[in-house]
Amino acid sequence: MDIYFDSYKIAALEKQDDAVEIIRSAEASIARLTGSPVTLIAFEKSEGTER
């Protein structure tokens, strides 16, 4: 999978408590399934870019 970082930026979720909790829950679920801790990173498409 190709990820073009010039087309995406880290999503600003500091005021999105529900979204952050969903990500934390998903991290915990994946960690239970794999037996290893994981960190999920939320990206959002940068304005004015297309790929």
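## Glu-27 in the helix

Glu-27 lies in helix H1, which spans residues 17–34, where helices (H or I, at least four residues) and strands (E, at least two) are DSSP runs numbered from the N terminus. Glu-27 is buried yet has no salt bridge, and the nearest side chain of opposite charge, Arg-24, is 5.8 Å away. Buried means under 20% relative accessible area, exposed over 50% and partly exposed in between (1.4 Å probe, protein chains only), while a salt bridge requires a side-chain nitrogen of Lys or Arg within 4 Å of a carboxyl oxygen of Asp or Glu; Lys and Arg count as positive and Asp and Glu as negative, with His and the chain ends not counted.

Leaving aside residues up to four places away in sequence, Glu-27 touches Val-38, Thr-39 and Leu-40, contact meaning heavy atoms within 4.5 Å.

## Basis of the model

This is a predicted model, in which local features need pLDDT of at least 70 and side-chain atom pairs count only at pLDDT 80 or more, whereas totals for chains, interfaces and linings use all residues. Residues are numbered from 1 along each chain as its sequence is written, and side-chain values use heavy atoms, with hydrogens and water left out.

## Overall architecture

The protein has one helix and two strands, and from the N terminus on its elements run β-α-β. Of its 51 residues, 8% count as buried.

## The segment before E1

Phe-5 is placed in the segment before strand E1 (8–10) and counts as exposed because its relative accessibility is 53%. Ser-7, also in the segment before E1, counts as buried because its relative accessibility is 2%.
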